[in-house]
Amino acid sequence: MTNQTALTIALEQLKLTAEKLELDSGIHEMLKKPKRTLIVSVTIKMDDCSIGVFEGCRVQHWDVRGPFKGGIRYHPDLTIDDITALAKWMTWKCAIVDLPYGGAKGGICCNPKNMSQGELERLTRRYVSLIFDYLGPHRDVPAPDVYTNEQTMAWVMDTYSQLKGFSVPESVTGKPVAVGGSEGRVCATALGLAFCVREAAKLLKLNLKNAKVAVQGYGNVGYNAASIMHSLGCKIIAVSDSAGGIYCPDGINPAEVNAHKKKTGSVINYKNCVNITNEELLETECDILIPAALQNQIRKDNADKIRAKIVAEGANGPTTPEADKVLYEKGICLIPDILANSGGVTVSYFEWVQNLTREHWTLAEVNEKLESKITKAFYDVQKLSRKEESDMRTAALMLGVGRVAQAIRTLGLWQ
Ligand code: NAD
């Protein structure tokens, strides 16, 4: 297995894009590094009355197009380098969908599976209090990511509001609807991905009816993507989570598998399915492969074994640059993360706008606006990839990095 980290991948992508765009070397240097990195020690009282000490961080990449925006991740393997890469990708992503935001990401190195709800609440509140000075609706607006959810965002909002002294729903997105969340936010990333897959299928003349889909990761993005693709007539033939995967050539019912996961803790050992590994899932013969777990999954060593027509990246950074080349040469249509999973931040933006204007849009309004933004971004990227005779990732990066560089040039540097 090649040893590329998310950060080396993000830097390599930026280098290739800078060359393509003939970017000023000073701007390239600026974009390599985040504007600010906060490292905090999150100390909480554990349920057994011991003191738990967890490392947390918030990386703010660049905010030349608007306030910072990005998720909060809880994961035992979390590193600052990974979070820095994820913050960069957020900067490009917001620019590609043309949202007035810069990129950020944060997280805490912890294993939420081994923690109680009370411990997670204290952890979240303490973390927010430690980075409070650098958050805010016009400064940095967090959202959910791996192993954080609507409940986590409600604690973020409440802690921020308590410290301010008044309610500030626009300080965070991905909240429950009951406290100012947007309709459609929970499914937004998966729905945006499905819009991209639908357009790619049209271009490839691939009929979605009975198209075979494999999904890696069965959390917010993976489960909802499986459900939506199923509702579009696709056959979901393989799904997985951190414990392993299942394969069923006749197709599974995503909601029933989700109920089984809720009951048993995993998708594995589901009736009429064969248990498979995550590696086998990626190599399954299918029409559409959706990696929706973690980074660095499709690499040089397994890219040649991918047997899908479309790879739609729900996760951030699942494919390495070396693997990108292999997939492109194999004629596989890869819809890159910074486009395919941008539905989440798009509806987060809608949530922020609704909070700032004290409005509440219907689900139909939200989904219609999402469809229009994502479809436009998809064809902007498509058009550029045809012009450049490149893969879609190269084109998406050129579009995103190009817009950020344009903003830097226009603002100039304050001395
Ligand atoms: P989640 O916590 O809801 O789900 C993560 C899923 O991945 C779980 O099913 C978990 O079991 C599985 N998983 C973890 N490690 C795995 C492994 N090694 N192999 C296979 N499966 C594994 O997280 P999520 O919000 O669905 O995020 C998934 C990915 O999508 C992440 O890369 C995240 O950055 C990206 N993403 C999420 C959103 C969003 O709105 N939630 C938006 C954009 C991108």
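Buried here means under 20% relative accessible area. The model shown in these views is predicted.

View 1. The nearest cysteine sulfur belongs to Cys248, 4.4 Å away. A disulfide requires a pair of cysteine sulfur atoms within 2.5 Å, and Cys273 is in no disulfide.

View 2. Cys94 is buried, because its relative accessibility is 0%. The structure as a whole holds zero disulfides.

**View 3. Burial of strand β4.** Strand β4 covers residues 102-108, and seven of its seven residues are buried, so the rest of the structure largely encloses this strand. In a regular strand, side chains alternate between the two faces of the sheet. In β4, Gly102, Ala104, Gly106 and Ile108 point one way, while Gly103, Lys105 and Gly107 point the other way. Residues on both sides are buried, Lys105 included.

**View 4. Strand partners of β4.** Strand β2 (residues 51-60) pairs with β4 in the antiparallel sense, over five bridges. Within this pairing, Val59 stands opposite Lys105 of β4. Strand β3 (residues 68-74) runs parallel to β4 and is joined to it by five bridges. Here Lys69 has Gly103 in β4 as its bridge partner.

**View 5. The β-α-β unit that contains β4.** Strand β3, helix α3 (residues 80-96) and strand β4 make a β-α-β unit, and this unit is right-handed.

Key: Residues numbered from 1 in each chain as written. Predicted model: local features only at pLDDT ≥ 70, side-chain atom pairs only at ≥ 80, totals over all residues. Heavy atoms only, no water. Buried < 20%, exposed > 50% of the residue type's maximum accessible area, 1.4 Å probe, protein only. Helix = DSSP H or I, 4+ residues; strand = E, 2+ residues; numbered from the N terminus. Pairing = 2+ DSSP bridges. Right-handed = clockwise from strand over helix to strand, strands pointing away.
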